[in-house]
Structures are given as C-alpha cells and as structure tokens.
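Student: I have a structure open and would like to learn how to read it. Could you take me through it one feature at a time?

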Amino acid sequence: IGFGLYSAQSLVLLVSGEYILNRAPLHAITIGFISSMLIAMASRVTLGHSGRSLMLDRLSWLLFLGLQLAALSRLLADVQFQQADLNGLFNLLAVGLWLVCVSTWLARYAPMYLRKRVDGNPG
C-alpha cells in the first residue's frame with residue numbers, strides 16, 4: 001500500500017505538479033508494515049522460543065489489527081479535510097492506538113522472556 005501511494009503521488013506530481021499525499025506513503029510503510037511485521041514476527045519468535053504453541057491468541061490478533069487501524073488513522077491524518085480539527089483527531093487516534101497496542105503487546109510478551117520454557121526444554 002505504501003509503495004502504491006508513493007507511485008500515485010509521483011504520478012500526480014508529474015502530471016499536475018501537486019504534492020497531495022503528504023507523508024501518507026511513509027506512514028503506510030512505517031506504521032502499517034514495519035510496526036505490524038515487528039509485532040507479528042516478535043510474537044512468533046517469543047512463542048516458539050518460550051516453548052509455546054505457534055498459534056496467536058485473540059488478544060494478539062486484536063493488537064495486530066489495532067496497528068492496522070492506527071496506520072489507517074495516520075493515513076487519514078494526512079488527508080486535507082475542510083475541517084483542520086479532523087486531521088488532529090486522526091493523528092491523535094493513530095498515536096493512541098499505536099501506544100495501546102505496543103504497550104499491551106509488551107506487557108503480554110515481555111514476561112515470557114523472564115520465565116523458563118513451558119515445555120521444559122533448555123533455552
């Protein structure tokens with residue numbers, strides 16, 4: 001999505017000379033892709049190395065989806081609405097969602113690194 005947005009922005013810039021998407025493509029890549037992949041991969045690694053099943057629970061799925069909503073909110077914050085308050089509202093929503101998702105993930109998964117493996121294997 002981020003590269004598609006960069007492509008669309010480049011085409012519009014080429015044709016009209018207008019820069020319309022602001023930093024939306026960058027946020028699609030950083031929040032939408034990098035944050036989501038970090039949470040997804042770190043969850044899998046944490047579960048595997050702690051001897052747990054490699055199945056995400058409902059909370060982990062909700063956190064992953066919450067990051068997608070945070071990315072979408074941040075993209076909407078870059079759209080130039082008639083009411084400037086909407087930009088700030090979407091930006092605040094994105095920040096809040098991202099912080100809630102990442103801090104909840106940390107509270108859920110960080111303790112797994114401090115405990116022994118549940119399967120009794122070394123590591």
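Student: Let's start with Asp57: is it buried, partly exposed or exposed?

Tutor: Buried means under 20% relative accessible area, exposed means over 50%, and partly exposed is in between, using a 1.4 Å probe and protein chains only. Asp57 has a relative accessible area of 25%, so it is partly exposed. Keep in mind that this is a predicted model, where local features need pLDDT of at least 70 and side-chain atom pairs count only at pLDDT 80 or more, while totals for chains, interfaces and linings use all residues. Residues are numbered from 1 along each chain as its sequence is written, and side-chain values use heavy atoms, leaving out hydrogens and water.

Student: Which residue forms a salt bridge with Asp57?

Tutor: The general idea is that side chains of opposite charge can pair when their charged atoms come close. The rule here asks for a side-chain nitrogen of Lys or Arg within 4 Å of a carboxyl oxygen of Asp or Glu. Asp57 pairs with Arg108, and their closest N and O atoms are 2.4 Å apart.

Student: What does Arg108 lie over?

Tutor: A charge sits over a ring if NZ of Lys or CZ of Arg is within 6 Å of the ring centre and within 35 degrees of the ring normal. Arg108 lies over the face of Tyr109, at 5.5 Å from the ring centre.

Student: And how do I read aromatic pairs?

Tutor: Rings of Phe, Tyr and Trp (its six-membered ring) pair if their centres lie within 6.5 Å; planes under 30 degrees apart are stacked, over 60 edge-to-face, and the rest tilted. That gives two aromatic pairs here. Trp61 and Phe64 have ring centres 6.2 Å apart and planes at 85°, so they are edge-to-face. They sit three residues apart in helix α3 (residues 58-77), which means about one helical turn separates them. Trp105 and Tyr109 are stacked, with 5.1 Å centre to centre and 20° between the planes. Both are in helix α4, four residues apart, and both are buried.

Student: Which residues make up the largest nonpolar core?

Tutor: Such a core is a set of buried Ala, Val, Leu, Ile, Met, Phe, Trp, Tyr and Cys residues joined through side-chain atoms within 4.5 Å. The largest one has nine residues: Ile39, Ala42, Leu47, Leu63, Leu67, Cys101, Trp105, Tyr109 and Met112. Helices α2, α3 and α4 each give two or more residues to this core, and α4 gives the most, with four.

Student: What is the phi of Asn22 near?

Tutor: Most residues other than glycine have a negative phi. Asn22 has a positive one, near 50°, and lies in the loop between α1 (2-16) and α2.
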